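Have the structure open while you read.

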Amino acid sequence: MSTSITTPIPIPEYTTDAFFGLEDKWLQTADGELTHYHELGEGTPILFLHGSGTGVTAAANWWLNLPELSAHGRCIAIDSIGYGQSVVADGTAYGIKEWVRHAVRVLDALGIEKTWIVGNSLGGWLAFQFAIDFPERLLGVISMGTGGAKLTGALKGHSNPTLTEEGIRNTLEMFVVDKSLVTDQLVSLRYQSALNDTASDRLADVVAARDRDRYDLPLDFDVLARLDIPVLLIHGAQDVVIPVSRTWELLNVIPHADAHIFSQCGHWSQVERSAEFNQVVGSYLARHAGNR
């Protein structure tokens with residue numbers, strides 16, 4: 001059910017950098033909460049949930065995918081609360097369940113009853129928590145490098161990010177095998193976004209919430225074992241942030257899960273192998289188009 005909204009929020013003066021080629025949209029999703037998002041395409045809803053890297057936004061995760069995948073449905077990519085340009089109310093709590101509830105508020109505000117979720121890293125973790133908490137709202141899940149796994153050395157680095165352009169570059173280079181993808185322009189854009197995160201001390205709050213819930217709220221595999229929706233797990237074989245063993249772990253639990261492993265690919269499969277990623281995801285969505 002939609003939250004009653006009593007006080008409208010003015011739209012911020014903000015435009016996503018032309019580098020990403022995406023139009024800004026805004027949606028009030030609760031009192032004091034204004035969700036920033038991008039939308040392309042028509043038809044079956046597909047909600048895109050980004051990861052949790054420093055300076056992450058919906059645009060910075062999905063700019064290479066939304067134009068292509070919008071041929072398969074109504075693609076909606078949101079800045080989760082605590083990230084990007086979404087405005088949050090004073091005292092907003094962060095965490096796995098809070099991020100899922102925010103996604104539900106977005107769907108309610110848009111009048112969407114059921115959706116696909118495409119999630120990257122933290123976004124994949126959220127997709128499966130969504131499936132546990134709101135199974136009746138899901139058509140299917142596509143998850144890459146699914147988050148919520150045990151802490152690795154690379155993940156520990158994400159818990160204490162170095163907020164300089166060099167620190168951002170080092171983080172992004174951990175995401176890929178092909179380091180040439182981490183351009184000066186991309187680093188600069190992520191750094192500017194990270195400065196926005198720190199302006200309200202959000203970065204420390206969201207990182208602390210994520211790492212707390214890694215231990216306090218791991219995915220309930222007993223519930224996932226009863227999941228009755230199509231699931232596609234995607235992983236880069238050389239992912240050092242979340243090892244490919246995470247996909248095998250989920251594949252052995254979820255009854256209708258398929259998996260696609262990209263060779264010579266790290267944690268950022270939707271960027272590093274974008275053309276093939278779009279083909280794999282588009283084909284999977286088309287194959288399950290009748291699942292409504």
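The largest cavity has a volume of about 180 Å³. This is a predicted model, so bear in mind that local features need pLDDT of at least 70, side-chain atom pairs count only at pLDDT 80 or more, and totals for chains, interfaces and linings use all residues. Residues are numbered from 1 along each chain as its sequence is written, and side-chain values use heavy atoms, with hydrogens and water left out.

Some bookkeeping on the search: on a 1 Å grid over the protein atoms alone, a cavity is a set of points where a 1.4 Å probe fits but cannot get out, while a pocket is an open set with protein on both sides within 12 Å along at least five of seven lines; lining residues have an atom within 4 Å of a point. Grid points are joined across faces, edges and corners, and the volume is the space filled by probe spheres set on the points. By this rule there is one cavity of 30 Å³ or more.

The largest cavity is lined by 22 residues, and the closest to its centre are Ser52, Gly53, Ser121, Leu122 and His267. Helix H4 (122-133), helix H5 (153-159) and helix H8 (202-216) each put at least two residues into that lining. Helices here are DSSP runs (H or I, at least four residues) and strands likewise (E, at least two), numbered from the N terminus.

Then there's the largest pocket, at about 250 Å³. Its lining has 18 residues, with Tyr14, Phe20, Thr57, Leu189 and Ser193 nearest the centre. Helix H1 (58-62) and helix H7 (184-199) are the elements giving two or more residues to this lining; H7 has the largest share, with five.

## The sheet

Eight strands make an open sheet with mixed pairing, in the order E1-E2-E4-E3-E5-E6-E7-E8. Two strands pair if DSSP finds at least two bridges between them. At the edges stand E1 (25-30) and E8 (257-262), each with a single partner strand, so one side of each has no neighbour in the sheet. On average, neighbouring strands are turned by 25° against each other, direction ignored.

E7 runs parallel to E8, joined by six bridges, and Leu232 sits opposite Asp258 in E8. With strand E6 (residues 138-144), E7 pairs in the parallel sense over four bridges; here Ile142 is opposite Leu232. Six of the six residues of E7 are buried (under 20% relative accessible area; exposed is over 50%, partly exposed in between; 1.4 Å probe, protein chains only), so E7 is largely enclosed by the rest of the structure. Both faces are covered: Val231, Leu233 and His235 are buried on one side, and Leu232, Ile234 and Gly236 on the other.

Helix H3 lies across E1, E2 (33-40), E3 (45-49), E4 and E5 (115-120), running at about 110° to E1. Axes are lines fitted to C-alpha atoms, for helices over the stretch in contact, and angles run from 0 to 180 degrees between N-to-C directions. Contact means heavy atoms within 4.5 Å.

In strand E3 you'll find Ile46, which is buried with a relative accessible area of 1%. Beyond neighbours within four places in sequence, its contacts include Leu69, Cys75, Trp116 and Leu285.

## Rings

The structure holds eight aromatic pairs. Rings of Phe, Tyr and Trp (its six-membered ring) pair if their centres lie within 6.5 Å; planes under 30 degrees apart count as stacked, over 60 as edge-to-face and the rest as tilted. Here are two of the pairs:

| Pair | Centre to centre | Plane angle | Class |
|---|---|---|---|
| Tyr83 and Trp99 | 6.1 Å | 45° | tilted |
| Phe130 and Phe134 | 5.7 Å | 55° | tilted |

Elsewhere, ring pairs link Phe19, Phe20 and Trp63 into a cluster.
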